[in-house]
Amino acid sequence: MFIYTGMKPHVCEVCNKSFRLKSILKKHLLVHTGERPHLCEVCQKSFKRKDEVNTHMLVHASEEPHVCHVCNKSFKRKDKLSRHMLIHTGEKPHVCEICHKLFRLKYHLNRHLLIHIGEKPHVCEICNKSFIEKGSLKKHVLTHTGVKPHVCEVCNKSFTEKGSLNKHLLIHTGEKPHVCEVCNRSFTEKSNLNSHMLMHTGENPHMWCGL
């Protein structure tokens, strides 16, 4: 247990000012050296102390000075803009060494690698089923709780997943976004289009195109 005795054993060799802690002396020495080691990531302005940077950052709290010249979306940090630009360029610099699949972000590559190594770090506490992605675990847990947070505003039918709700809404809108490139017949679901395509390829001759 530290007991404060009033002693200040750490002395500045420049001005002889004394300090109780060595860390405080180090901060004080910056006054004499003029060094500003703490840098603002937004505007590159430098500061002597870390707390000064934190206070300064409040100025940038609502600023987004880095603007994408393609879509005008703005970002607080330059590295965020650089990562965003990959969407427009189509560049995928991160390569899986096992299957050579390309990814835009390192995070996506790391997540993909779990498929190859078979690791499923996210485990359901109820049934011990494991998943590669945390999002998949969250969706799975809803099957235990019975919670269906995604509700159709038209008929009030509820769904566990947002994707299922979006698919359901096509019933109300009448939209059929999946179109056969051969006969232009359209379908609400991609799976129905895939089944229909078997008729054209000859893999399922018992299907009728409806022409």
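Contact here means heavy atoms within 4.5 Å. Keep that cut-off in mind when you ask what covers a helix. The model on screen is predicted.

**Stop 1: helix H4**

Select residues 106–117, helix H4. Colour Leu109, His112 and Leu114, which are buried. What covers the buried residues of H4? The cover includes strand E7 (94–95) and strand E8 (102–103). Show both strands together with the helix.

Now check the length of H4. It has 12 residues, and at 1.5 Å a residue they should span 16 Å. The end C-alpha atoms are 17 Å apart, which agrees. Step just past H4 to Gly118, which takes a positive phi of about 80 degrees.

**Stop 2**

Colour the buried residues of H3: Leu81, His84, Met85 and Leu86. Which strands do they pack against? They pack against E5 and E6. H3 is followed by Gly90, whose phi is positive, near 80 degrees.

Stay with the strands. E5 covers 66–67 and E6 covers 74–75. Pick His66, in strand E5. His66 is buried, because its relative accessible area is 16% and the cut-off for buried is under 20%. Leaving out residues up to four places away in sequence, His66 touches Val42, Lys73, Ser74, Phe75, Lys76, Arg77, Lys78 and Leu81. Leu81 is one of the buried residues of H3.

Next, select Asn72 in the loop between E5 and E6. Asn72 is not a glycine, yet its phi is positive, about 65 degrees. Is Asn72 buried or exposed? It counts as exposed, at 58% relative accessibility.

**Stop 2: strands E13 and E14**

Jump to Asn184, in the loop between strand E13 (178–179) and strand E14 (186–187). Asn184 also is not a glycine, and it has a positive phi of about 65 degrees. At 59% relative accessibility, Asn184 counts as exposed.

Slide to His178 in strand E13. His178 is partly exposed, with a relative accessible area of 24%. Show its contacts beyond four places in sequence: Arg185, Ser186, Phe187, Thr188, Glu189, Lys190 and Leu193. Then draw a line from His178 to Glu35. The two are 143 residues apart in sequence and 62 Å apart in space, C-alpha to C-alpha.

**Stop 3: the cysteines**

Display the cysteine sulfurs. How many disulfides does a search of the whole structure find? The search finds zero. Cys124 is in no disulfide; its nearest cysteine sulfur belongs to Cys127, 3.7 Å away. The cut-off for a disulfide is 2.5 Å between sulfurs. Cys124 is buried, with a relative accessible area of 1%.

Cys155 is in no disulfide either, and the nearest cysteine sulfur, that of Cys152, is 3.7 Å away. Cys155 is partly exposed, at 37% relative accessible area.

**Stop 4**

Keep Cys152 and Cys155 on screen. Beyond four places in sequence, His168 is in contact with Cys152, Cys155, Lys157 and Phe159. His168 is buried, with a relative accessible area of 10%. The side chains of His168 and His172 make a polar contact at 3.1 Å.

**Stop 5: zoom out**

Colour by domain. Domain 1 is 21–61, domain 2 is 64–117, domain 3 is 120–149 and domain 4 is 152–203. The centres of domain 1 and domain 3, taken over C-alpha atoms, are separated by 44 Å.

Compare that with the record. The unreviewed UniProt entry lists "domain: C2H2-type" at residues 10–37, 38–65, 66–93, 94–121, 122–149, 150–177 and 178–205. Select 122–149 from that list. This span is 43% helix and 14% strand, with its end C-alpha atoms 22 Å apart. Finish on 150–177. Its end C-alpha atoms lie 21 Å apart, and the span is 43% helix and 14% strand.

Methods
Residues are numbered from 1 along each chain as its sequence is written. This is a predicted model: local features need pLDDT of at least 70, side-chain atom pairs count only at pLDDT 80 or more; totals for chains, interfaces and linings use all residues. Side-chain values use heavy atoms; hydrogens and water are left out. Domain bounds come from an automatic or database domain assignment. UniProt positions are given in the numbering used here, feature names are shortened, and annotations may be inferred rather than shown by experiment. Helices (H or I, at least four residues) and strands (E, at least two) are DSSP runs, numbered from the N terminus. Buried means under 20% relative accessible area, exposed over 50%, partly exposed in between (1.4 Å probe, protein chains only). The expected span of a helix is 1.5 Å times one less than its number of residues. A polar contact is a pair of N or O atoms within 3.5 Å; within protein, one must be able to donate a hydrogen and the other to accept it, and residues adjacent in sequence count only if both atoms are side-chain atoms.
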